[in-house]
Amino acid sequence: MPYTAEISRSQPTAFLFVIDQSGSMDERMPSGKTKADFVADVLNKTIYQLIIRSTKADGVRNYFDLGVLAYGGNGVSSGFGGSLATGVMHPLSAVEQNPLRIDTRTKRVDDGAGGLVDQTVKFPVWFDPKSSGGTPMCEALRQVAQLLVDWCNSHDRSYPPTVIHVTDGQSTDGDPEQIATQLQQISTNDGAALLFNLHIDASEGTGLIFPNNESGLPDTHSKLLFRCSSQFPPHLVKPAQDKGYSVSSESRFFGYRVGIEGIVDFFDIGTRASELR
């Protein structure tokens, strides 16, 4: 049965985040942040949460290899900065040790008496927002495919890698469907690589998330991204249902015109892992 391999330090899995940084990502969301800013915040928080989940008494355990690939007006490149910029994929402990910086932020928390109070927190940053130029999605997915081939060849017994692709528009360098289909044929002995596509929107609507088929999708672009997306692996069905989504193993891990809440849920559910050893 696929997608059942144990995740351990000797047998890690991988998460590769592929982020659209085209010019349209500078559009502002209802929160006042641009789409680029909001996605960067969610990605940085997701990386930090993966580190926390993997931290034991002996330090950060390398249950995961992490990568960030960004594409936009400057082409396709590693989304990491600093010393991590020399490559795309890194062991989790190396990511933990090399943030770009530690920001100080304020969040509202319960004061224990029915009110809210501001609390200052440290916020590690690995990925900075950018927005310029076109959307070279095909070239980005080609580079993803090569990264996955190399990773799977070195980790043939591992839970297969998961690609979380975030975009707000259409490819400007061709039709990505064939490349996406080929990408999902790259595999370890435990199953094929997973490609999760998230199309984001600046409106306040919830969009469409985790559909079972194309019939309810509004246009050819949404249907293309649906076909480019993997079906739910079995162990992610319940976490999605627990958040109120109506999903089954037939659902695609795909969202279209998704707003703030859906973006957060998409990252959270997509990076759930089976039991760590």
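Ser-215 sits in the loop that runs between strand S13 (208-209) and helix H5 (220-227). This is a predicted model, so keep that in mind as you look around. With a relative accessibility of 66%, Ser-215 counts as exposed, because the cut-off for that label is over 50%. Its side chain still has a partner: the side chain of Ser-215 makes a polar contact with the side chain of Asn-213, at 2.4 Å.

**Helix H6**

- Which residues of helix H6 (residues 234-242) are buried? They are Leu-236, Val-237, Pro-239 and Ala-240.
- An α-helix has 3.6 residues a turn, so residues three or four places apart point the same way.
- The cover over the buried residues of H6 includes strand S12 (194-200) and helix H7 (260-270).
- Just after H6 comes Gly-244, which takes a positive phi of about 95 degrees.

- Rolling a probe the size of a water molecule over the atoms shows where empty space is left.
- How many cavities of 30 Å³ or more turn up in a search of the whole structure? The search finds two.
- The largest cavity has a volume of about 40 Å³.
- Its lining is made by Ile-7, Thr-13, Phe-15, Tyr-159, Thr-162, His-235, Leu-236, Gly-270, Arg-272 and Ala-273. Strand S1 (13-21) and H6 are the elements that give two or more residues to this lining.
- Sorted by class, the lining of the largest cavity has five nonpolar, four polar and one charged residues.
- The second largest cavity has a volume of about 30 Å³.
- Around the second largest cavity you'll find Ile-19, Asp-20, Gln-21, Met-25, Ala-36, Val-39, Phe-127, Pro-129 and Lys-130. Here the elements giving two or more residues are S1 and helix H1 (35-53).
- S1 supplies the largest share of the lining of the second largest cavity, with three residues.
- By class, the lining of the second largest cavity splits into six nonpolar, one polar and two charged residues.

- The largest pocket holds about 520 Å³ of space.
- Its lining has 18 residues, and Asp-41, Lys-45, Arg-105, Lys-107 and Phe-123 lie nearest its centre. Two or more lining residues come from each of H1, strand S7 (101-110), strand S8 (116-125) and H7.
- Which element gives the most to the lining of the largest pocket? That is H1, with seven residues.
- The lining of the largest pocket divides into eight nonpolar, three polar and seven charged residues.
- The second largest pocket holds about 220 Å³ of space. It is lined by 18 residues, and the closest to its centre are Gln-21, Ala-70, Ser-77, Ser-78 and Lys-130.
- Strand S4 (64-72) and strand S5 (75-78) each supply at least two residues of the lining of the second largest pocket.
- By class, the second largest pocket is lined by six nonpolar, ten polar and two charged residues.
- Look out for Gln-21 and Lys-130: they line the second largest cavity, and they are also among the residues closest to the centre of the second largest pocket.

Methods
Residues are numbered from 1 along each chain as its sequence is written. This is a predicted model: local features need pLDDT of at least 70, side-chain atom pairs count only at pLDDT 80 or more; totals for chains, interfaces and linings use all residues. Side-chain values use heavy atoms; hydrogens and water are left out. Buried means under 20% relative accessible area, exposed over 50%, partly exposed in between (1.4 Å probe, protein chains only). Helices (H or I, at least four residues) and strands (E, at least two) are DSSP runs, numbered from the N terminus. Contact means heavy atoms within 4.5 Å. On a 1 Å grid over the protein atoms alone, a cavity is a set of points where a 1.4 Å probe fits but cannot get out, and a pocket is an open set with protein on both sides within 12 Å along at least five of seven lines; lining residues have an atom within 4 Å of a point. Grid points are joined across faces, edges and corners, and a volume is the space filled by probe spheres set on the points. Ala, Val, Leu, Ile, Met, Phe, Trp, Tyr, Cys and Pro count as nonpolar, Asp, Glu, Lys and Arg as charged, and the others, Gly among them, as polar. A polar contact is a pair of N or O atoms within 3.5 Å; within protein, one must be able to donate a hydrogen and the other to accept it, and residues adjacent in sequence count only if both atoms are side-chain atoms.
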